Structures are given as C-alpha cells and as structure tokens.
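Here is a quick walk through one model, helix pair by helix pair, with a couple of loop residues at the end. Have the coordinates open while you read.

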Amino acid sequence: MHTQKIEDIFKIVNSSKKGLTQDQVKDKQEKEGFNELISAKSEHVITVFLSQFTDFLVVILLVAGLISLLLKDIESAIVIVAVTVLNAILGTTQHIKAGKALESLKSLSSPIAKVQRNGNKIEIPAKEVVVGDIMFLEAGDYISADGRILENYSLQVNESSLTGESISVSKTVEELASENLTVGDRKNMVFTGGLVTYGRATIVVTQIGMNTEIGKIATLLESAQNKKTPLQINLDTFGKKLAIVIIFLCSIIFGINLLRGYPIGESFLFAVALAVAAIPEALSSIVTIVLAIGTQKMAKEHAIIRKLHAVESLGGVSVICSDKTGTLTQNKMVVKNISNGYDIYDANELDIKNNYHKQFLEWMTLCNDAVNSNGQEIGDPTEVALINLSLKYGINEKELRQTIPRVSELPFDSERKLMSTLHKTASGTIMITKGAIDVILSRATRIYDNNKVRTITEKDKQSISKINQDFSQAGLRVLGLTSKTITSSELDFNDENDLVFNGLIAMEDPPRVESKQAVYECKMAGIKPVMITGDHKITAIAIAKQIGILKDDSEAIEGIELDVLSDEQLRELVTKISVYARVSPTHKIRIVNAWQQLGYLVAMTGDGVNDAPALKQADIGVAMGKVGTEVAKESSDMILTDDNFATIVKAISNGRSIYANIKHSIFFLLSGNMAGILAVIYTSILALPLPFTAVHLLFINLITDSMPAIALGLESPNNSAMQEAPRDVKESMLSKRFVFETFLQGAVIAATTLAVFHYGLAVSGIALASTLAFSTLTLSRLVHGFNCRSNLPLHKIGFFSNKYQWYALITGTSLLVAVLLIPYLQNVFKISSEIPRYIHITFIASLVPLVVIQIYKTIYDYFNLKFSI
C-alpha cells in the first residue's frame, strides 16, 4: 500500500474521501469480520490436568498404587496417589500460566476510533472499524487499524511496540518508491498499536484485525512453538528407559516368585516393592523446588524467571540474540560532540567561559521544548539530551527561558525538517533554528566564525558535510544549529532562509557501561552474542564495534537482505553474522530458527510486540521489565528488571551452576534408588525374604531423600562455570559414565545394606533384618548426599561448606530415629522391637559407603583422572 497513489488506494479498499455509508460498513463487516484479534481455542483445565497422568512412569506408579490397594496395603496406596496428584497439580498450574501473551496483544488496540460515516465525524468502538473507513488521528491516540495517510499535519508516531525503537517516527503523505520496506520505513503508513505523540492526520484504513501488522504477529505468536528444555527432554528419555527396565525386572521377579511357589499376592508385593524402589517419586518435585530456589536467587540479581525450567536451559545457552536499544545501550540520548564546522569538541570537555561554547549551549536550550524538573525528564529524547548537557554546565532551562523568553515559534514538521523559535534579547530579537544538516546547509548563507559572522563558503560547506558524514558513519544522530536576527515579532516560514550556521550537534544512545565486559564474558564462555535491531545498519555497526560484538562490517546484514535468502542459505550464513539491522518479526523468528536447526540453544531478548513471536520461539525468551510490553513479558521465560544485557550473562552463569546442582541431585536420587533395586533383586534371586516393604521405600524416596537432594541444589556456584564452553544440549544426561557411576555407587550402598540384612537374619529373624536393612539404607543415603556434592573429593571442596547438607543429615536422622524408636511409628513402618539394641550397627554401617566412595574419588583426583557425572 505504501507505493500506491491515493486514488488507487481508494479503489482497492472500495472507499472515497467522504468515507463509508452505514450500509457499506454492514456489508464489509459481514464479508471481512470485525477489527479484532482471534486466538486459537485453548485446552480446558481438566484436559490439561488429565494429560499430566500420561507419563509412563506415572502410569507405572499408579498401577503400583492400585495393586497395593487391592492387596490392602492402604498406606502405600495413599502415598503413591498423593504424590502423583500433587505433581499433576503443579504441571497444570505451569501450563495455565504459559499462554497469556495473545490476551495482552489484544489490549494494545485502542477501544475508541474517530471515523467518518455517512459524511459525519463520529466515535465508534475500535472493533467496528472496517477497511475503507476514513479515520482521524491526533496526539494521544492509540491507532486501532493499519492505514495510509491522506492528510498529514506534522504527525509523529511512536511505533516501538512494532519496531522496538522508542524514537517517534515523522510521517509523510507521498507514496514511496521501494516495495521492500520494513514497517519502520513505511513512513506514509500507520499501524495498529502505534501511539500518536505529535500532530494530527487523516488516514484511510487498509487492514483490520488479523490482517494488520499486529495481526501478523498474533499469527506468528500462535504458530511459535513452546520448546521443551534439554532437562525436560533428558528426563522424558530417562523416564521411558527406566519404565522399560522396571517392567522387564518386575515381570522377571514376579515370574521367578510364582515358579518358586509364592502366592500371587506376595509375588505382586515383591513386584510393587521393586517398582517403588526403582521410581524416584520425589524427582519431579525436587527438580521443581531446586529450580524455584534458583529463581529466588536470580530475582535478587534482577532476573525474574517466569517458567521454572528456563533456569536449567540458561546453563546451555550458546547464542544470545539481543536487542540493541535499552539492552546493550542506555536507551537515553546524550550529546557526544559539538562542532563549529571545523573543530570537534567533546561534549564532556566544553568550557563554559568560552563564548562560543556558552552561546551554543544556551541556543540549543532555547530552541527546545523539553523539561528536566528535579530529574524528571519530559519531552522528545533528542531535546532532553540537549537540555541535560546544558544542565551539566550550570545552565538551567527554566531560568534561561525566563531571562530570554520565547515570543513566537515554528514547530518541527517532517516536511521542513526544521524547528524555529523567536526570542527577545537585550540586543534585539533572534531566531534560533535547529534541524537536519542537509536542510540547514541549503538555507545557510553565513557562518559564525571566531565570534564574528561572515559569508559561508563552499569550503565551509565541504568541511561541515565531511564532519556530518564522519558523525553519521560513527552511528551518531546529527543536528544543525543556526541563528538569525530579525525585526518581526511573529515568525513566518519564509524567515527560515538566509541563516547563520552555528554548528553541529552529534548525539548517541551510548552503550551501557557493563555491556563491553558482559560481551567479553560471553565470548570467554563460548557464547556468541548477536545484535538484532530495528535501527539503521550504520548505527548498529557503530555500537556493536564499541562493545565487541562486531569486528568487521561484513558481519552485519539488513532485514531486506534476509528476504532474498532461503532458509537453507540463512542456515549457512547465520554463524558468520553478528549484527542484523532493520529487521521485522518474521526475520527474528527465521534467525532464531536457523540457529536452533544447527543445534544451538538460543536466548532472545526483546521488549516490543514485534519481539513476542521470537521470544516464544527461542529456547529462552528474555523480556525487558522496565520498557517491555505486556505481550513481550507474557511470551518470555525470563524478565530483566534492569533491562541490562549483563544481567543475562549473570543469569547464564547461575543457570550453569543450577544445572550442575540438579544433575548432582538426580545422581543422588538414582544411585540411592539403585541400592534399593539391587537389594530387592538380590533377595529375590536368592529366595530370601523381602528386605523392605513398599512403605519403607516410599519413606526413603519421598522424605529422607528429598532433603539431601534439595541441599545439593543449594550448592554454591562454581566460579569456573563461565570459563567453559556451553554443554552439548544433545548429549544425554544419562551418559555411559553417569549410568556406570550410578550403578557402582548404588552397589556400594546395597552391599552395606545387605550385609546388615544378613546379620539381622543370623542373630534374630526377618523382623530385625528388615528393620536393619531399612534403617541402614535410609541413613547411608542421607550420608551419600555428601558424596554427590561434587566430582571432587570432600577435602577439596570443604566438608562443611554446604550447611544445608548438614541440616538435611540432622533432620533426616532425627526422623529415622523417631520411626525406629516411637511405638506408634514402629507399628506403621513394621519396625522390630529389638532395634534399640542394634541401632549402633546402622550408624556404623552407614558410614562405610562414604569412606569407600571418598577413597575412590581421591584416587581419581590424585592421578588427575577426569571424574565426571
């Protein structure tokens, strides 16, 4: 639409300058529908809840619970059902929280629109706007449909929700020549969700609802897939493999017991005990708790985690696609240099005693509508930058404007690209004009040089143009400043000629102080930082070079260049590109997809509506807390409360440590469960009585095991976490080494447990033997938490450096002693009354696995062998 002539637009939308009649509107609404965003039907909460029970391990656990119930083992059945229902509630809650982004997107539309119907200007609900409506816009209006501008009166629109750039765009009426323009460059169009910040306009509506640019984003948002994290994938794979092993083992043991003449009921109890021993019932809850604790710590460091599993994913991030404005930069314009056309002055090194510097600061403050009141900045960011510089040198804009009052003005508009103000001074009336350098130079006939005014020469203009070019190539925004003495008390557009050139002002949105160091830390950690921005390429390159993202200009590309690349070509190119400029929402999703298809874990930052689909598509979507739209926040996994790139790097470091801690927690649970499995298999094969009841194993798995596992999740961060490359997310957590160590360390605990079990059988009988086996396995697993803290031996990391592990040991031991010695609990857990005389054996035996495993780790460490799980 931006390349069409106005008369052609009217033909396309079947309308005219007079607008539509009510009959035309009714006909269009029947054919095209209403101006609203349509979302896909969401799953009912009951459906979501029931889907939580489809996991294979949960099914096995529920079957075990049903068998326990049929065999009148009520305690075991209740505990098993309670655990599965609790996990289902947690999963359902997370699912419901996830899909609110589209609802926030709908709220961006203006509730009211001013249109012309039947020849009259009326207000209607925005929902009723149709293609072809003539709509009226003025400052403060939210735009409720996409449209082509018919009449323009200095219209400026903030399109940050679509482009990510906060500076208002000056609009125009003329058709544009190029077909392939991004949203930010279609300056004769307005778009849904934009905010009119200045001026007014009349437009003809060209698109509504899902066909608008916002609608296209809504479609992308619906189609963007929620990704499973590597940990979730690993746990799913583990669950399936474990389920197969459990079914196989339970079937074998059940068959062996039947062949030996055991009753079916007793054989089933054996099988149930084995299933309960094998399934780490607390695993899901413990991972959730460890992640939740991690989120609390990260929130204190300005990173709020919306989706728990994002914490673990952070540790595997290998690419960060970051927005420029506000994330890598300060999102605040500041003056960097001023120039008289020959000399360039650093804005931080001006001399207020220098007449030229002082006059320059005063004039750029007078030709200015911005205000800084006690630190509260009001006005256009460019003008705020000018008064802030003056304020730095002691020039207060309020006092100056009272001393040299404004008597007339010509406001800025996009056609003239100028702003002029008239001021009454002691020496006469002076007009100050600022604006685009090319316009200023075309109207300047004189130049201020060494406190005198002389005729401007071609040499002067060449020097000014050269400085302007250098500033622009450095990514700076440049304004020209002029003056002129006039006798009139009212300004006329004709006065903006025969100007005296005073100088250039170069401004930038400077990089955050921390950005350069954060980018360096990323690269040290094997993470590639990539800048994706709606800003111009030249500005993006300048900032990217300053902070170390970009080395060569060839690593930068514009969105329009992406349009001609196929997905395959983009995949081949994506690893070589560090900066993307003038991009659209579709470009962002394509970039994220290209990295993901190459096997990288991608974090994507954003704040605007335009970022939402890519935030959802990325493995980690990071929204800005200060300036981010609700749509972006709802689509994200993490929100930065300080909008700072460096915070992402800190979060990744924490994510790596948390992942390592979770892995240690899982190893602790599985190696402990392995001990129980091996003990049950051993007694079954040798036709010995069952060493544990199902309630024994549930007590261990759910209560005493949970505390050390959580304590492992609270292990202090590893200082070397960001000096290593990201882990391979394709690599299974259950590596051969992990499985080997699980079996080996589980076997050590099982051997100790079975030794006391045989001792109990020898000195008394099954009651004492079972009690000794249960208590030794429980306490050994509590102590085993210390083995799982690190791949290093304890003397290398500090025996007392994790106080939570000691709390877990003391609490778990206290609970065990209560079960062993309190009569009521003895009955519930089938504890032998003889245990008080033999309890010391449990305490001594439980230390054996700790000693053996620590000797094993010390040998590995002594010979510098890599010990890793």
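## The α28 and α29 pair

Start with where these two helices touch: Q745, I749, T752, T753, V756, F757, Y759, G760, L761 and V763 of α28 meet I766, L768, A769, S770, L772, A773, T776, L777, S780, H784 and N787 of α29. Contact here means heavy atoms within 4.5 Å. Sorted by class, that contact has 12 nonpolar, 9 polar and no charged residues. For the sorting, Ala, Val, Leu, Ile, Met, Phe, Trp, Tyr, Cys and Pro count as nonpolar, Asp, Glu, Lys and Arg as charged, and the others, Gly among them, as polar.

This is a predicted model, where local features need pLDDT of at least 70 and side-chain atom pairs count only at pLDDT 80 or more, while totals for chains, interfaces and linings use all residues. Residues are numbered from 1 along each chain as its sequence is written, and side-chain values use heavy atoms, with hydrogens and water left out.

Now the geometry. Two packed helices are described by the angle between their axes and the distance between the axes. Axes are lines fitted to C-alpha atoms, for helices over the stretch in contact, and angles run from 0 to 180 degrees between N-to-C directions. For α28 (residues 736-763) and α29 (residues 766-787), the axes come within 8 Å and cross at roughly 155 degrees. That makes α28 roughly antiparallel to α29 (angles under 35 degrees count as roughly parallel, over 145 as roughly antiparallel, 65 to 115 as roughly perpendicular and the rest as oblique).

## The α31 and α33 pair

Next up are α31 (residues 803-821) and α33 (residues 835-862), whose axes come within 11 Å and cross at roughly 155 degrees. So α31 is roughly antiparallel to α33, and α31 passes α33 in a right-handed crossing. On the α31 side T813, V817, L820 and L821 do the touching, and they meet I835, P836, I839 and F843 in α33. Here the contact residues divide into 7 nonpolar, 1 polar and no charged.

## Helix α11

Helix α11 covers residues 283-300, which is 18 residues, and reaches 26 Å from its first C-alpha to its last, close to the 26 Å expected at 1.5 Å a residue. The expected span is 1.5 Å times one less than the number of residues. Its buried residues are L283, S285, I286, V287, V290, L291, G294, T295 and M298 (buried means under 20% relative accessible area, exposed over 50%, partly exposed in between, with a 1.4 Å probe and protein chains only). After α11 comes H302, with a positive phi near 75 degrees.

## Two loop residues

I831 sits in the loop between α32 (823-828) and α33. Is I831 buried or exposed? It is buried, with a relative accessible area of 10%. Beyond its neighbours within four places in sequence, I831 is in contact with H696, T771, F774, V819, L820 and Q826.

R416 belongs to the loop between β14 (406-413) and β15 (418-425), and at 11% relative accessibility R416 counts as buried. Not counting residues up to four places away in sequence, R416 touches L410, P411, V439, F493 and E496.

## The whole protein

Overall, the secondary structure comes to 33 helices and 26 strands; helices (H or I, at least four residues) and strands (E, at least two) are DSSP runs, numbered from the N terminus. Buried residues make up 55% of the 869 residues.

Methods. Left-handed = near helix turned anticlockwise from the far one by under 90°.
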